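Reader: Could you walk me through how to read a sheet and a chain contact?

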Amino acid sequence: MNPNPAPSLPDLMKSLGLRQKPGWVSRLPSGLAAVLTNRKGLAGLVILTLILLMGLFAPLLAPYDPFHRAGPPSAPPDFDYLLGTTRLGKDVFSQMLYGARASLTVGFVAGIAATVIGVIVGISSGYFGGRIDEVLTFFVNVVLVLPALPLIIVFAAYVDKASPLVIAIVLAATGWGWSARVIRTQTIALRDRDFVLAAELLGERKWRIILIEIFPNMFSFVVGGFVLGTIYAIIAEAGLEFIGLGNPASVTWGTMLFWAQRNAALTTGAWWEVWPPCIAIMVTAAALVLINFSVDELTNPQLRAARNARRIRRYLRQRNRSPDVF
Amino acid sequence: MRFLVQRLFFYIAAFMVAVTLNFFIPRLMPGDPATMLFISLHGKMRQDQFAALKRSYGFDGSLWDQFVAYLGKLAHLDFGISTINFPEPTSSLLFYAAGWTLFLVGLATVVSFAMGIFMGIYAAWHRGGFFDSVFTPVNVMLNAFTPAIVALILFYVFCIHWRVFPLGRAHGLDDQPGWTWHYLTVLVYYAALPVASIVIVNFGSWHLGMRNTMINLLNEDFVVLAKAKGLSDRRIRNQYVARNAILPQITSLAMSMGFVLGGALITEVVFNYPGLGKFTLTAIQSRDYSFIQAQLLILTASVLIANLISDVLNVIFDPRLR
Amino acid sequence: MKPTFTQVSASALAAVLSVAPIHAETVLRLVPSHTDAFTENYNPNNNSGPANYVQDFAYEPLWIYNVWHPDQNVPALATSFDVALDLLSVTYHLRPGVKWSDGQDFTADDVVFTFDYAKRHPDFAINFDYYDETSQSGNILRAEKVDDLTVRFVLHHPNAMAPDGIGPIMPLPQHIWSKIDNPNDDPANPIVATGPWTEAKDFSRSSFKLCRNPLSRFNADNKIDCLQFPQYSSNEQVIAAISVGDLDWAGDGMTDPELTYTPLSPFNKYWLPADANVNLVLNTTRKPFDNLEFRKAVSMAIDRETLVTISTFNLTTPSQYPIGIGALYDDWIDTTGLEPFKGLMAYDPEGAKAVLDAAGYVDKDGDGFRDSPDGTPISFDISVPAGWTDWINAAQSMSENLQAVGINAELATPEEGSWFDKIPTGDFNAYMMWTDVGATPYTAYESMFQPRNMQPGQITSSAMHQMRIPEIENELRDISSTTDDAAKRKGIYAIEKLVAEDLPVITLFSNPSWYQYSTRNFTGWVDKDNARYRPMLFSGVHERVLHALSLVPVQN
């Protein structure tokens with residue numbers, strides 16, 4: 001005697017919040033589909049795309065020249081100056097748009113470079129082991145302790161200016177150690193998995209094993225490393241420029257903060273000079289973090305399940321089943 | 001054992017390379033200590049004083065000779081003389097600042113770790129719930145809050161506007177250091193805002209790491225078994241899942257602790273906290289080579305030791321890595 | 001006003017946390033210089049730090065030049081001096097009855113010793129201009145003791161200006177320093193000096209005090225028991241500390257003081273009198289900067305009004321005449337003689353264009369920028385160090401001004417070290433640069449036009465323009481060999497006119513001297529209406545000790 005007769009499949013799916021018919025998304029490649037069906041991932045992608053477009057079309061969107069005086073000093077936001085002007089009368093909105101270009105470039109250049117180096121070194125070191133591992137780990141350790149601040153001053157002295165690109169190069173050169181370490185540990189864990197052993201027994205070539213068998217299984221770590229590396233680079237660039245090591249004549253979110261601080265914007269009440277770059281950095285980082293979440297869930301079913309855990313538990317409780325088995 | 005010895009050998013080699021780089025990189029920076037002091041005074045120092053100062057620092061011999069001399073001194077743990085605080089031995093200032101940085105950044109790291117771990121456990125246990133859906137992303141985003149702005153806002157609001165916390169320093173000018181209850185409370189009171197400004201931007205990553213690791217473990221066989229045995233939720237959560245999930249976090253913590261001696265530059269500058277980050281920035285800006293070298297040296301040593309510890313912990317926790 | 005919750009808890013916290021020490025003593029708290037931590041070093045000639053604290057306050061000079069009031073110089077360890085008629089010696093009459101703080105008498109022997117000691121330790125910054133045989137530079141041959149209280153300095157060649165260099169030197173006690181072989185390495189602790197505050201007390205990494213010298217002749221009038229030097233390392237911290245009552249006197253940079261400083265406390269006061277002049281320095285050994293017409297056009301193209309009011313936040317003082325010096329020497333400027341040159345300082349882009357056209361600087365290759373008459377394109381950077389925000393603003397504004405008249409000038413912001421490293425070698429085009437400060441414009445002009453400052457490889461920041469003007473060199477020589485004030489003034493006027501005619505530098509504005517004070521604990525501060533001394537705090541402003549001695553504690 002079952003007091004609760006099993007509900008029909010449509011009802012069950014409805015109560016679990018699942019759609020009956022596959023949508024158009026399901027026709028896309030599975031990876032992309034997974035990101036798109038993930039609300040966090042979708043939100044992240046949309047935000048990041050918007051910021052990228054903002055930076056890309058800055059010359060079209062910006063109402064004023066961000067490098068030169070456009071109005072009265074420290075004008076609060078109004079219709080003429082959407083986000084007000086700086087102490088020197090430069091338009092904050094235009095600066096924020098142009099700043100997106102430099103800051104995102106630094107972030108992506110440093111993030112991508114650090115990830116690529118980190119992945120190559122980490123996988124080689126973890127997969128081949130032995131002498132190669134020892135030598136590569138040795139380099140990783142040296143890189144981990146390279147001092148970024150003096151390096152930037154040295155580089156800048158030789159190219160005359162600590163431009164955002166110099167900062168990106170130094171951040172990439174000093175920043176790949178962490179991701180190499182993480183990737184190496186993961187590679188070692190994967191190396192002894194059955195599917196890798198099977199491929200080896202089948203006589204697959206090494207680079208093929210690395211590329212086809214191991215790399216895809218570390219995708220979330222690679223993306224995670226890239227996302228964190230990019231965020232780190234954007235924040236580190238802002239930090240370096242904030243303490244005056246950058247080129248103050250360039251327009252990035254970091255130099256905007258530098259000028260806001262030097263002009264005491266927080267104490268003079270010129271909040272519009274401080275918050276736009278600050279929020280821009282946060283929103284960019286947030287978008288990257290959201291994408292990272294979705295990639296995590298994509299590659300880790302446990303995390304994906306966590307999304308629906310609440311609904312499933314409620315459903316089980318309704319059906320008088322213990323939710324604890326789940 | 002063989003593994004450890006080999007590791008140790010390569011760590012020592014990395015250390016030697018780093019020591020060499022740390023000697024040459026600062027010296028490649030343009031300018032010298034006397035010049036930087038002269039510039040910083042914007043013409044308030046006369047030319048003859050400038051000339052005398054340059055002579056008094058007297059960097060004799062080629063770069064190579066200086067390097068050999070540096071290595072020789074280093075063997076006796078002699079870090080040389082600081083130029084900005086001439087003629088104070090670099091080591092006394094270094095250890096002074098290192099002490100405060102260990103306290104400040106060490107405390108902040110431990111607090112961030114503890115906060116992140118507890119929130120991560122809660123979020124994982126109630127995964128998909130309100131706390132998890134709201135605070136997990138928010139905490140991680142706090143990671144991207146510009147540290148300088150956090151510190152400045154805390155400073156202006158709590159120190160200048162409301163005046164509930166001191167403007168800066170590690171303790172008041174009249175507080176006598178000692179193992180007294182009063183002095184300890186003073187230390188905590190003065191460190192509160194600097195620690196808060198570091199924790200706010202740091203605990204999110206611990207939260208996320210702990211949450212994800214723990215969710216992975218929740219469906220492992222041993223957890224299901226524990227549930228089947230009818231153990232209490234609390235016991236399963238704390239003794240079965242969290243205990244296992246925390247192990248990888250501890251290896252990360254060991255790595256982070258290595259970087260503690262890098263200091264918290266911006267926080268230390270805003271709150272005038274006598275830490276290594278601030279001292280090192282000043283040393284870089286004024287080309288105090290011996291101080292830069294010494295700071296990089298202890299940072300290198302601590303990072304490498306922390307790496308070694310985390311390697312060892314990894315091996316203990318995960319026999320596969322052997 | 002009702003106290004808010006936070007204020008109540010603040011005072012409660014403060015009460016719990018600090019058992020307020022009862023200060024029976026009157027303490028003046030001041031920040032002459034930023035530092036991360038103090039070291040127990042009281043060496044008066046160590047310019048990397050200690051000089052800021054112990055010069056003037058503990059160690060006294062022979063003579064204090066009151067730069068703003070040359071007629072009101074203040075005798076210190078000497079009571080008077082005379083320059084010999086042949087200008088080949090200077091005799092100082094020392095103050096009788098002065099004792100070093102350890103009880104020994106101060107005598108002529110100490111002064112003679114200090115001179116010999118300076119000669120023996122050329123790397124120790126005592127800065128006597130002694131004559132050096134090998135390089136044949138300097139002037140003072142020897143110091144002779146005439147009697148216990150009279151010292152004569154014998155010169156190599158006649159120089160009426162010699163006292164300007166000798167007066168500010170601080171004699172060292174022979175009985176202490178004769179035992180010190182490496183003066184640069186010596187912390188000079190305990191302090192043995194003659195000034196009003198010589199007892200170092202309560203040293204810690206974050207603060208120390210200099211307290212009353214029991215043997216000081218100032219004690220009868222000196223109301224301040226101790227000077228306390230708390231450690232600070234940033235402008236924000238210093239401004240905040242004055243506002244909450246932790247500090248009385250400072251000299252830190254500010255922006256918009258009316259918004260960021262004055263509102264924070266009713267006791268917060270400041271005054272920013274003009275300091276040394278800032279010039280745009282063009283390397284006149286290179287084309288097109290060697291051309292006078294080009295330099296004239298540059299000067300006319302610059303909008304100095306914007307430089308002062310916007311770029312430098314209205315904290316600088318505009319300079320009126322194209323003479324390389326500014327408001328600091330207002331008393332010394334020949335306003336009538338220089339009237340015809342005022343036009344070079346007025347913003348006149350059309351005039352600048354006309355001058356350039358007439359001189360053949362026109363756009364020959366059609367890139368929108370003017371080229372040299374021989375067709376070589378003109379393009380250069382105006383170089384300013386990366387962290388110096390007001391100068392960066394100014395240089396950027398100037399580059400816009402110059403581009404508006406067709407001169408392709410851009411802003412460059414190298415790191416401080418590499419910026420300065422290019423000066424000695426002459427490897428630069430255009431720099432913004434300060435001028436040297438002295439008691440009279442003579443110092444500024446002397447360092448600006450002295451040929452020894454222009455030797456390739458050893459070019460100094462003051463003579464970067466590298467233009468030798470023989471007439472000016474003659475005038476400088478004449479000034480230094482006369483004791484007649486009217487003749488000196490005439491010489492300065494002549495130099496001003498020559499600078500205006502030749503434009504070796506493009507005059508911009510005067511930097512502010514930073515000076516903040518709090519009337520919470522002390523009154524009697526120097527201000528606009530009572531400008532008796534220069535109020536700045538850094539070492540080298542010897543009047544600062546007189547300023548401190550003239551303060552009156554507020555009775556609570």
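Author: Two strands pair if DSSP finds at least two bridges between them, and strands (E, at least two residues) and helices (H or I, at least four) are DSSP runs, numbered from the N terminus. This is a predicted model, in which local features need pLDDT of at least 70 and side-chain atom pairs count only at pLDDT 80 or more, while totals for chains, interfaces and linings use all residues. Residues are numbered from 1 along each chain as its sequence is written, with chains lettered from A and ligands numbered from 1 in the order in which they are written.

Reader: Which residue is the bridge partner of C:Asp82 in β5(C)?

Author: That is C:Thr91. Strands β4(C) and β5 (residues 89-94) of chain C pair in the antiparallel sense over 5 bridges.

Reader: What order do the strands of the open sheet in chain C have?

Author: The 4 strands run β4-β5-β7-β6, with antiparallel pairing. At the edges, β4 (78-83) and β6 (140-147) of chain C each pair on one side only.

Reader: Which strands does helix α3 of chain C touch?

Author: Contact means C-beta atoms, placed from the backbone, within 7 Å. Helix α3 (residues 108-120) packs on the sheet, touching β5, β6 and β7 (150-155) of chain C.

Reader: And how many residues does each of chains A and B bring to their contact?

Author: Chain A brings 47 residues and chain B brings 48. On the chain A side, α14(A) gives the most, with 10 residues.

Terms used
Contact = placed C-beta atoms within 7 Å. Axes fitted to C-alpha atoms, helices over the stretch in contact; angles between N-to-C directions.
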